[in-house]
Amino acid sequence: MAMFCDLQVDVNGEEVFMVNKKTLASFSCRLSKLFGKSMGTTSLKVIFHDFPGGAEGFELMTRFCYNNGTIEITPSNLVLVYCIANFMEMDGDILLQAQNTLDGISSWTWSELLVALKQCQDLLAPSNSSLILQIVMDCIIGKLSCPFFPTPNDTTSSENVSSFQFSSGSRSSYNLKSNCSMKTWWFEDLMFLNTKSIEMVIRSLISKEIEQSTVFKFLLRYHQSKCFGAKPEEKCKITEVVIGLLSLLDRRSLSFKGLFNIYQAALNMKVGKKYKNKLEIMIGSHLDQATIDYLLVPSPCGKKYVYDVNLILRLGKSFLLQEGVHLSRKSRFTKVAKLMDLYLAEVAPDFHLKPSKFAALVMMLPASVRESHDRLYEAIAVYFKCHTGLSEQEKLTICCALNYKKLSAGPLKQASRTKFPSRRAVEAFKKQRTKDKKEEIESVLLDAKSLDLPTEAQKLSADLMHLKALELGKVFGTMQIRVTSVIKSRLPFQATNTRYLSKLFP
């Protein structure tokens with residue numbers, strides 16, 4: 001006998017259904033409260049604008065109601081059922097059936113887990129910290145953290161892959177791929193994640209101690225995939241999220257090339273300054289992995305000089321902060337020194353490059369890290385030749401980075417024949433600057449002792465003070481160790497304070 005249809009339901013403007021209101025209201029508290037005393041009315045119309053799953057979801061609910069409260073709940077519709085039950089305030093059997101399905105999640109296939117995760121992403125509100133979402137996420141991350149979890153393309157079918165049970169002899173039964181493929185096979189499967197979901201996934205991967213170099217590669221692939229064809233504002237958002245997540249990773253798991261590729265993409269977007277700063281700090285810490293081609297970044301729009309020297313100075317500062325005053329790691333410094341010699345040769349002929357900027361570049365690294373100063377001399381000589389209007393003090397300032405004792409016979413002879421500042425003049429200039437800087441530091445230290453600083457200020461990082469000591473060491477050689485020891489012995493606390501750091505960093 002056909003059931004009388006006395007309720008017209010418009011679902012999200014997609015489709016109109018004719019159903020029996022008493023049948024639906026018997027399972028939905030929301031409809032029951034909505035109809036109230038109107039249950040006996042001949043005909044009613046209800047319009048839903050945000051029904052979970054649209055017409056498909058409503059049809060799923062009606063099947064449950066018309067089938068006397070039973071329906072087959074599978075991994076592919078579990079999340080939808082859960083959302084419908086909450087939206088329509090359906091208690092009892094439907095939630096119990098859903099829980100029974102969820103309890104068997106450990107035997108779900110990889111593809112079923114992905115479907116469930118995508119439904120969580122599409123149907124649950126971004127602010128909803130749903131238990132079902134957490135359970136699905138934990139199961140996916142658990143699969144990825146299993147070192148011998150076979151890929152869906154192995155001889156194990158994708159339908160049985162997640163329920164595969166390992167035994168002592170099971171490895172030989174499967175054609176496991178190379179170590180690289182085993183670590184990255186899941187990348188493409190998770191490209192559907194939006195920026196909110198990707199944050200949850202990455203944080204979970206880190207907490208489960210998934211190899212962070214693999215997480216890094218995944219984020220690079222994700223950024224490339226999601227930005228392709230996206231609108232400018234979407235690209236910007238994706239890039240900022242990825243940069244934020246990269247900053248959570250161990251620096252040792254990152255690579256200069258991967259980070260710089262994201263930086264180049266960010267240059268064409270309106271990425272926030274704090275995200276660019278984060279990225280530059282990460283890039284700078286891997287400056288020893290760079291090649292000269294990466295450093296030749298064109299200057300910003302409106303600037304006359306050819307290359308963006310300010311970027312290189314910031315990267316160099318980040319590298320020094322990462323290494324601190326530990327010059328024992330000489331191999332990294334040596335690589336960066338050779339790289340900077342190449343860079344100086346490229347920028348020296350630039351007529352628009354100011355003496356102060358060139359001086360900052362030549363003095364970016366401590367003088368001791370270069371085994372030979374021949375290439376540094378050649379770059380300085382080219383700069384002097386292309387900038388004939390330099391004052392004697394500007395020349396002396398630039399030559400402070402030069403150690404004449406590390407020049408071979410050829411450059412030394414050439415320097416003596418040109419208007420290059422003599423070794424004696426440079427040494428005298430260095431001594432005067434050493435005296436001035438020492439007096440400046442003594443003054444700052446006295447100020448620091450007289451300050452009654454709050455506990456919070458005392459906990460600030462000492463990195464900037466160490467960097468200043470390192471900068472002095474670039475010019476004054478052994479002065480570096482002395483300055484560092486003075487700082488440690490005379491500060492009234494172990495950290496530094498922004499109130500007097502400005503004097504060190506004008």
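**Entry 1: a pair of helices**

How are H17 and H18 oriented to each other, roughly parallel or roughly antiparallel? Before answering, I note that this is a predicted model, in which local features need pLDDT of at least 70, side-chain atom pairs count only at pLDDT 80 or more, and totals for chains, interfaces and linings use all residues. Residues are numbered from 1 along each chain as its sequence is written, and side-chain values use heavy atoms, with hydrogens and water left out.

I found the axes of H17 and helix H18 (residues 374-386) coming within 12 Å and crossing at roughly 175°. H17 and H18 are therefore roughly antiparallel to each other. My cut-offs for the angle: under 35 degrees is roughly parallel, over 145 roughly antiparallel, 65 to 115 roughly perpendicular, and the rest oblique. The axes are lines fitted to C-alpha atoms, for helices over the stretch in contact, and the angles run from 0 to 180 degrees between N-to-C directions. Helices are DSSP runs (H or I, at least four residues), as are strands (E, at least two), and both are numbered from the N terminus.

I then listed who touches whom, with contact meaning heavy atoms within 4.5 Å. H17 brings Pro 355, Phe 358 and Val 362, and H18 brings Leu 376, Ala 379, Ile 380 and Tyr 383. The classes: Ala, Val, Leu, Ile, Met, Phe, Trp, Tyr, Cys and Pro are nonpolar, Asp, Glu, Lys and Arg are charged, and the others, Gly among them, are polar.

**Entry 2: another pair**

Next I turned to helix H10 (residues 212-227) and helix H11 (residues 232-246), which pack at about 175° with their axes 10 Å apart. H10 and H11 are therefore also roughly antiparallel. From H10 I noted Phe 216, Leu 219, Tyr 222, His 223, Lys 226 and Cys 227. They meet Lys 235, Ile 238, Thr 239, Val 242, Leu 245 and Leu 246 of H11. The classes here are 8 nonpolar, 2 polar and 2 charged residues.

Which residues of H5 are buried? In helix H5 (residues 93-103) I found Ile 94, Gln 97, Ala 98, Thr 101 and Leu 102 buried. They span an arc of only 140° around the axis, so they sit on the same side of H5; the arc is that of the directions from the helix axis to the C-beta atoms. Here I reminded myself that an α-helix has 3.6 residues a turn, so residues three or four places apart point the same way.

Leu 96, Asn 100 and Asp 103 are exposed, on the face of H5 turned away from its buried side. My scale is relative accessible area: buried is under 20%, exposed over 50%, and partly exposed in between (1.4 Å probe, protein chains only). The cover over the buried residues includes helix H3 (54-66), helix H4 (78-87) and helix H7 (131-145).

**Entry 3: looking for disulfides**

How many disulfides are there? I count 0, taking a disulfide as a pair of cysteine sulfur atoms within 2.5 Å. For Cys 83, the closest cysteine sulfur is in Cys 120, 7.2 Å away, so the gap is too far for a bond. Cys 83 is also buried, at 7% relative accessible area.

**Entry 4: positive phi**

Glu 89 has a positive phi of about 55° and sits in the loop between H4 and H5, where it is partly exposed at 30% relative accessibility. Glu 209 has a positive phi of about 60°; its place is the loop between H9 and H10, and it is exposed at 71%.

**Entry 5: single residues**

Pro 349 is in the loop between helix H16 (330-347) and helix H17 (355-362) and is partly exposed at 35%. Leaving out residues up to four places away in sequence, Pro 349 touches Val 382 and Cys 386.

Ser 204 lies in helix H9 (residues 195-207) and is buried at 14%. With that same exclusion, Ser 204 touches Met 137 and Ile 141.

**Entry 6: the whole chain**

Of the 506 residues, 47% count as buried.
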